[in-house]
Amino acid sequence: MAYHGSSYRSQLTGYKVVFIPMHGTKAGTPHDVVTGWLLAGGGSVWGRPVELLVAADGSLLTSDDDVGVVYRLATAGRKDTGTEGHMSPRLSVGGADPMNEAVQTALNRQIKHEFSSAHFYLSASGYCESISLTGFAGWLRQQSREEVGHALRIFDFMHDRGSRAELQALDQPGRDFVSLLDVFTQALQHEQAVTASINEIYALAVREQDYPTQVLLQWFITEQVEEEKSVSQILEELRMVGDSSSALLMLQRELGTRRAVAPMPAAAS
Ligand SMILES: [Fe+2]
Ligand SMILES: [Fe+2]
């Protein structure tokens, strides 16, 4: 189990991968398997483990959504050292295997989709600015920034895997919005298309047994559920608002308070 870590405690906890033995349906005492994300002294954190996946060779893959990398934990020298029953962890950042060409092509295409999403939301933000709905404009602008973060997440992942991301030309985003309902209807269609694309790449990564890419995409699959949900919710609220300008102003005040939920991934080092 990966403990992502809690920053709300007076003393920081989590930030580790543990093994929990099961005795029937009862959980036993957790044993630390990988630690070190919380630095000595307890005040400083450099990463947060999230998803876990056991690869075909028995190694354990862990993604870290704070610094955007995938770790591979493998055993080393168990037979020689006679330390049967104890793992001798060796962490390596990124995968040792070269990336499959079809997966690389798909990820490059997804980078384009994410940047296209950023363009779409920024264009929609401009439309809202032009009709003085600054709260909606702010929400859409923030969404645009998050989409850039998504693109960079894949960009960095590819370089961590020893590949080279290839940026592609972007299509001009639509600008002829006719109403807020139109903006968010298009946004939902856009997100549904991105979800389908992510699912397709995940299926490809499964076929190609590309485990690090599967771990990366699990984050995106979760994110897409959130994205579709939040856009659908706004769409529903807009339908409820109808012609009421006071309700519309309340909604846009609420949306205008949106702040970044996660920092942009740092460049791969
Ligand atoms: Fe995205
Ligand atoms: Fe999105």
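A: The axes of H2 and helix H4 (residues 180-207) come within 11 Å of each other and cross at roughly 170°. Axes here are lines fitted to C-alpha atoms, for helices over the stretch in contact, with angles from 0 to 180 degrees between N-to-C directions. Helices (H or I, at least four residues) and strands (E, at least two) are DSSP runs, numbered from the N terminus.

Q: Roughly parallel or antiparallel, then, H2 and H4?

A: H2 is roughly antiparallel to H4, a label for angles over 145 degrees.

Q: Which residues of H2 and H4 make the contact?

A: On H2 they include Ala102, Ala106, His113, Phe120 and Tyr127; on H4, Val183, Ala187, His190, Val194 and Ile201 are among them. Contact means C-beta atoms, placed from the backbone, within 7 Å. By class, the H2 contact with H4 has 13 nonpolar, five polar and no charged residues. Nonpolar is Ala, Val, Leu, Ile, Met, Phe, Trp, Tyr, Cys and Pro, charged is Asp, Glu, Lys and Arg, and the others, Gly among them, are polar.

Q: Is this experimental or predicted?

A: This is a predicted model: local features need pLDDT of at least 70, side-chain atom pairs count only at pLDDT 80 or more, and totals for chains, interfaces and linings use all residues. Residues are numbered from 1 along each chain as its sequence is written, while chains are lettered from A and ligands numbered from 1 in the order written.

Q: How far does H4 reach from its first C-alpha to its last?

A: H4 has 28 residues and reaches 41 Å, close to the 40 Å expected at 1.5 Å a residue; the expected span is 1.5 Å times one less than the number of residues. H2 (residues 101-130) has 30 residues and spans 44 Å, close to the 44 Å expected.

Q: What comes just after H2?

A: Ser132, with a positive phi of about 65°. H4 is followed by Gln209, whose phi is positive too, near 55°.

Q: What covers the buried residues of H4?

A: The cover includes H2, helix H3 (134-160) and helix H5 (211-241). Among the buried residues of H4 are Phe184, His190, Glu191 and Ile198. Buried means 20 or more other C-beta atoms within 10 Å, exposed 12 or fewer, partly exposed in between, with C-beta atoms placed from the backbone.

Q: Switching topic: where is Glu228, and what does Glu228 touch?

A: Glu228 is in helix H5. Not counting residues up to four places away in sequence, Glu228 touches Leu188, Glu191, Gln192 and Thr195.

Notes
Angles under 35 degrees count as roughly parallel, over 145 as roughly antiparallel, 65 to 115 as roughly perpendicular and the rest as oblique. Two residues are in contact if their C-beta atoms, placed from the backbone, lie within 7 Å.
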